[in-house]
Amino acid sequence: MTIAAEKKTQLIGEYRRHETDAGSPEVQIAVLTTRIAELTEHLRTHRKDYSSRRGLVMMVGKRNRLLRYLARTDRGAYQALIKRLGLRK
């Protein structure tokens with residue numbers, strides 16, 4: 001389950017740190033969050049799609065690693081990002 005190119009471009013524009021940024025942790029986390037949400041919807045209707053479920057678990061793990069890195073390096077950016085994405089309480 002991939003996201004459309006224009007949706008990804010919009011996310012990059014929304015979460016980037018500067019004009020040429022496309023790979024900062026904030027951007028990667030935002031893109032992964034969108035992909036996770038879409039894949040979760042897919043798995044609600046296709047319950048036995050175990051290959052996609054494995055991909056979902058791997059994406060969630062990658063997002064958690066990126067979130068831990070961001071929390072370690074830039075606490076303010078971490079707090080702002082989880083608030084914007086609505087990830088944690």
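Mentor: A term to begin with: buried means under 20% relative accessible area, exposed over 50%, and partly exposed in between, with a 1.4 Å probe and protein chains only. This is a predicted model, where local features need pLDDT of at least 70, side-chain atom pairs count only at pLDDT 80 or more, and totals for chains, interfaces and linings use all residues. Residues are numbered from 1 along each chain as its sequence is written, and side-chain values use heavy atoms, with hydrogens and water left out.

Trainee: What share of the residues counts as buried?

Mentor: Of the 89 residues, 36% do.

Trainee: And how many helices and strands?

Mentor: Four helices and zero strands, taken as DSSP runs (helices H or I, at least four residues; strands E, at least two) numbered from the N terminus.

Trainee: Which residues have the most contacts inside the largest nonpolar core?

Mentor: Y15, I29, L70, Y78, L81 and L85, in a core of 23 residues. Such a core is a set of buried Ala, Val, Leu, Ile, Met, Phe, Trp, Tyr and Cys residues joined through side-chain atoms within 4.5 Å.

Trainee: Which helix gives the most to it?

Mentor: Helix 2, with eight residues. Helix 1 (5–15), helix 2 (25–45), helix 3 (50–73) and helix 4 (75–85) each supply at least two.

Trainee: What is Y78 in contact with?

Mentor: Leaving aside neighbours within four places in sequence, Y78 is in contact (heavy atoms within 4.5 Å) with L67, L70, A71 and R88.

Trainee: Switching topic, what are the spans of the C-alpha trace?

Mentor: About 40 × 30 × 20 Å along its principal axes.
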